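Keep the structure open while you read.

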Amino acid sequence: MNYDAFFRKQLDGLRREGNYRTFANIQRQSGAFPGAMHHRDRGPAPVTVWCSNDYLGMGQHPQVIAAMHEALDKCGAGAGGTRNISGTNHYHVLLERELADLHGTESALLFTSGYVSNWATLSTLASRLPGCVVLSDAGNHASMIEGIRHSRAERILFRHNDPEDLARHLAALPKDAPKLVAFESVYSMDGDIGPITEMCDVADRYGAMTYLDEVHGVGIYGPRGGGISEREGVAHRLTVIEGTLAKGFGVIGGYIAGSANMCDFVRSFASGFIFTTALPPHVAAGALASVRHLKASNTERLRHKEVVAKLRRALDAAGVPHYDNPSHIVPVIVGDPVRCKTICDLLLDRHGIYVQPINYPTVPRGTERLRITPSPLHSDADIAHLVEALSTLWAELHLARAA
Ligand code: PLP
């Protein structure tokens, strides 16, 4: 077989559909967020980033950077091993304590990313509990789906954000079968928020465990940044809260929080925890500083909310259609992969605005979009510039305006 020809043919297929992905060559600039440098063939140009998951700009917060510098100087670059083989560092221990406190749980356990924490925890729980059935929200993230698939446990999909459909499926299962209900707080592409309380009510009624992905909620929601589950006072009802240190907290890494026994069980049996090198100490130190700061400071969350609301109002005034949702994620639907990429290319080239196109398979075909993520650091002038540029392109490409 001509392997290379096979690869090329598959890639050509993506190009024909308009789904071939190209990444902008962007250099973040410490202290200048959301400003960055775009490295083009014809030389670098400054851009404003409107699609970062560093939602609060914590990746450039002076306290985070200072903590990372200090730990780097103290401990050096790497962790030196898996957690089992010399890789557990004091910063890991401090960070796990801080995360447990954030969610009001007995324990927390770190992973190298949010993806790995979902994959490792769901696959371990569902495969190790004899006869476990996993009930998974139809909108769940790829990392949860892969973890559940890897467990080989029976999986039932329930309708997105629909506790009644969940109840219907649970009622049909044997009473004594172990059950795990997996869902998210903020869904990253539509920006909708799951009915956590109702999900817990249903799960409790049928004796099921609950697994909540708070990846797009932690740092951003709740009085201390504990996520939607903190804001709604239901953190104590969840068996597992899973989060990331890469988005609201601006660094990298993932974690779970829950009972001491549950965390210890995953620590002891999860291949994705045991057999990979631990996070570098300075990364854990940076995340620790970020979590601590956002526990005490509401400034970033309040300003974030304000910028999101301002952007939505400006888009409405210009008739640029966007999903009306209760979160900080502003999806502007284009509905066609080629146009979606064209808009993003023109925003970057002509207007110095960076928004990455979101196409299939990240979102269903026909719902291709710009996923705009305002931060507390975007100014009124940034908003005006973005909306003016979008409005010009909407006219030029004859796209439908919102009423
Ligand atoms: N869970 C959800 C819902 C996500 O959207 C993502 C990533 O975007 C992850 C988990 C993975 O988190 P991380 O980026 O920390 O690997």
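## Cysteines

Searching the whole structure turns up zero disulfides. Bear in mind that this is a predicted model.

Take C132: the closest cysteine sulfur belongs to C200 and sits 16 Å from the sulfur of C132, so that pair is too far apart for a bond. With a relative accessibility of 4%, C132 counts as buried, because the cut-off for buried is under 20%. What about C344? Its closest cysteine sulfur is in C340, 5.0 Å away, which is also too far for a bond, since a disulfide needs the two sulfur atoms within 2.5 Å. C344 counts as buried too, because its relative accessibility is 5%.

## Helix α14

C340 and C344 both belong to the buried set of α14, along with P337, I343, L346, L347, L348 and H351. In an α-helix there are 3.6 residues a turn, so residues three or four places apart point the same way.

How far apart are the end C-alpha atoms of α14? They're 20 Å apart, and that agrees with the 21 Å you'd expect for the 15 residues of this helix (337–351) at 1.5 Å a residue. D336 caps the N-terminal end, with a side-chain oxygen 3.2 Å from the backbone nitrogen of V338. Just after the helix, G352 takes a positive phi of about 65°.

The largest nonpolar core has 54 residues, and the ones touching the most other members are L95, L99, V181 and L245. Helix α12 (residues 281–296) supplies the largest share of this core, with seven residues. As a rule, nonpolar side chains in soluble globular proteins tend to be buried together.

## A three-stranded sheet

Now for an open sheet of three strands, ordered β11-β14-β13 with antiparallel pairing. The edges are β11 (330–333) and β13 (357–358); each has a single partner strand, so one side of each is left without a neighbour in the sheet.

How many bridges join β11 to β14? There are four, linking β11 to β14 (residues 369–372) in an antiparallel arrangement. To find one of them, look at P331, whose bridge partner in β14 is R371.

Definitions and conventions
Residues numbered from 1 in each chain as written. Predicted model: local features only at pLDDT ≥ 70, side-chain atom pairs only at ≥ 80, totals over all residues. Heavy atoms only, no water. Helix = DSSP H or I, 4+ residues; strand = E, 2+ residues; numbered from the N terminus. Expected span 1.5 Å × (residues − 1). Buried < 20%, exposed > 50% of the residue type's maximum accessible area, 1.4 Å probe, protein only. Polar contact = N/O pair within 3.5 Å; in protein donor to acceptor, adjacent residues only side chain to side chain. Core = buried A, V, L, I, M, F, W, Y, C linked by side-chain atoms within 4.5 Å. Pairing = 2+ DSSP bridges.
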